[in-house]
Each structure stands twice: as C-alpha cells, then as structure tokens.
Amino acid sequence: MKGILYISLAKHNFTSNELDTLVCNASNYNQKYGITGYLYFEKGYFLQYIEGEESVIDVLIHTIQKDPRHEVINILEDQDIIARRFPTWHMHQLAKSSLIQLNIENILMDYMTNDSKQNNILLNSDHIWRIVYKLSTYRTEIIL
Ligand SMILES: Cc1cc2nc3c(=O)[nH]c(=O)nc-3n(C[C@H](O)[C@H](O)[C@H](O)COP(=O)(O)O)c2cc1C
C-alpha cells in the first residue's frame, strides 16, 4: 500500500457547493477503488491525503495532477504503509471547525509550501508522516 500527501493551489475561488460536488464525486470513485483519505481546503490551497493499493493510487494521483482546477505544488509519498490510516473515509472533507487539532493542517501546509523554512520550523518528511498518522488516531476517536 501507498500513501500520498500533496498540497495544491486552487486555480479559482472554490465555492462550498463546488467543493461538496468534488468531494462527493471523489468519494464515489474512491469507494469503488478502495482509496481512503481526506481533503482539506483553506486559503486557496488543497491539502489531500490518499492511501490504497499502489497501482490505484498511481492512477488517481496522475488524474489529480492533470486536473486544471488546481496546480500541485508539492508531493510526499510513503511506499511502506502496512495498514490504512483512515479506513472509513473514502474522501472526507475536513472543515476547520471539525477538529481543534486542525491547526496542525496549517503546519503541514507551511511545510508543503516551503513556508516553514521562512518561519524557521525544522521539519523533515519523516516528521510530516508522523503528524499525518498521529492525526488519524485523533480523528477516529474524536470525529467518528
Ligand atoms: C483537489 C482535488 C482533489 C481531488 N481528489 C479526488 C479523489 O480523491 N478522487 C477522485 O476520484 N477524484 C478526485 N479529484 C477529481 C479528479 O481530479 C478528476 O476530476 C476526476 O477523477 C474525474 O476525472 P476525469 O475527468 O478524468 O474522468 C480531485 C480533484 C481536485 C481538484
């Protein structure tokens, strides 16, 4: 199994309706292909985590990268996933209000956009994966 975390810049102002439609379509597709993860949208940036069988993740990330509605800026891959981190979320849209820990997403965004260097936050990709996986344990306990 493989997990991918990426950040992208939206090419236009996404309305909440557009976002809901995107997540709904994504969720249907992902359910069909056994893909799980989440999508966070804030300040014109998407932060998405997807996980599943390597071959289906490779196809999906290729499709997502070609999507003209956004531009992917930074991608991290984890090839060695043993178990799913978000087994029940075929594509869960995270809202800022849904979780107190969510400001962690902004830390991830800073890292992925290289702003952490400006803010003198020293993180490497191992730290980032640990943060994402830690979040998965909070979320199953708090949201669901
Ligand atoms: C930020 C973002 C995240 C997306 N995430 C998914 C996803 O998880 N699953 C999915 O099927 N499509 C996702 N899409 C939509 C795909 O890029 C694509 O539009 C959709 O799969 C339809 O592809 P097609 O036009 O080639 O049929 C996402 C699009 C954007 C902009």
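The following questions and answers go through a predicted model of one chain.

Student: In what pattern do the helices and strands follow one another along the sequence?
Tutor: The chain holds 5 helices and 5 strands. Read along the sequence, their order is β-α-β-β-α-β-β-α-α-α.

Student: What share of the contacts with a separation of 6 or more comes from residues 24 or more positions apart?
Tutor: The chain has 144 residues, and 27% of them count as buried. For contacts with a separation of 6 or more, the share from residues 24 or more positions apart is 76%.

Student: How many residues of strand β2 are buried?
Tutor: Strand β2 covers residues 36-42 and is mostly covered. A residue counts as buried if 20 or more other C-beta atoms lie within 10 Å of its own. Of the 7 residues of β2, the number buried is 5.

Student: Which residues stand opposite Tyr38 in strands β3 and β5?
Tutor: Strand β2 pairs with β3 (residues 45-52) in the antiparallel sense over 7 bridges. With β5 (residues 92-94), β2 pairs in the parallel sense over 3 bridges. In β3 the bridge partner of Tyr38 is Tyr49, and in β5 Tyr38 stands opposite His92.

Student: Which residue in the hairpin of β2 and β3 takes a positive phi?
Tutor: The hairpin has 2 residues between its strands. A positive phi also occurs just after α1, at Gly34, with a value of about 65°. In the hairpin, the residue with a positive phi, near 50°, is Lys43.

Student: Which residues have the most contacts inside the largest nonpolar core?
Tutor: This core has 24 residues. Strands β1, β2 and β3 and helices α3 and α5 each supply at least two residues of this core. Ile7 touches, among others, Leu47 and Met112. The residues with the most contacts inside the core are Ile7, Tyr38, Leu47 and Met112.

Student: How far does helix α1 reach from its first C-alpha to its last?
Tutor: Helix α1 runs over residues 16-33, which is 18 residues. At 1.5 Å a residue, the expected span is 26 Å. The reach in the model is close to that, at 25 Å.

Student: Which element gives the most to the shell around the ligand?
Tutor: The ligand has 16 residues around it, and Ala26, Tyr29, Phe46, Ile64 and Asp67 come nearest. By class, the shell has 9 nonpolar, 5 polar and 2 charged residues. Elements that each supply at least two residues of the shell are α1, β3 and α2. With 4 residues, the element that gives the most is α1.

Key: Residues are numbered from 1 along each chain as its sequence is written. This is a predicted model: local features need pLDDT of at least 70, side-chain atom pairs count only at pLDDT 80 or more; totals for chains, interfaces and linings use all residues. A residue is buried if 20 or more other C-beta atoms lie within 10 Å of its own, exposed if 12 or fewer, and partly exposed in between; C-beta atoms are placed from the backbone. Two strands pair if DSSP finds at least two bridges between them. Two residues are in contact if their C-beta atoms, placed from the backbone, lie within 7 Å. The expected span of a helix is 1.5 Å times one less than its number of residues. A nonpolar core is a set of buried Ala, Val, Leu, Ile, Met, Phe, Trp, Tyr and Cys residues joined through C-beta atoms within 7 Å. A residue is near a molecule or strand if its C-beta atom, placed from the backbone, lies within 6 Å of it. Ala, Val, Leu, Ile, Met, Phe, Trp, Tyr, Cys and Pro count as nonpolar, Asp, Glu, Lys and Arg as charged, and the others, Gly among them, as polar. Lists of a residue's contacts leave out its neighbours within four places in sequence.
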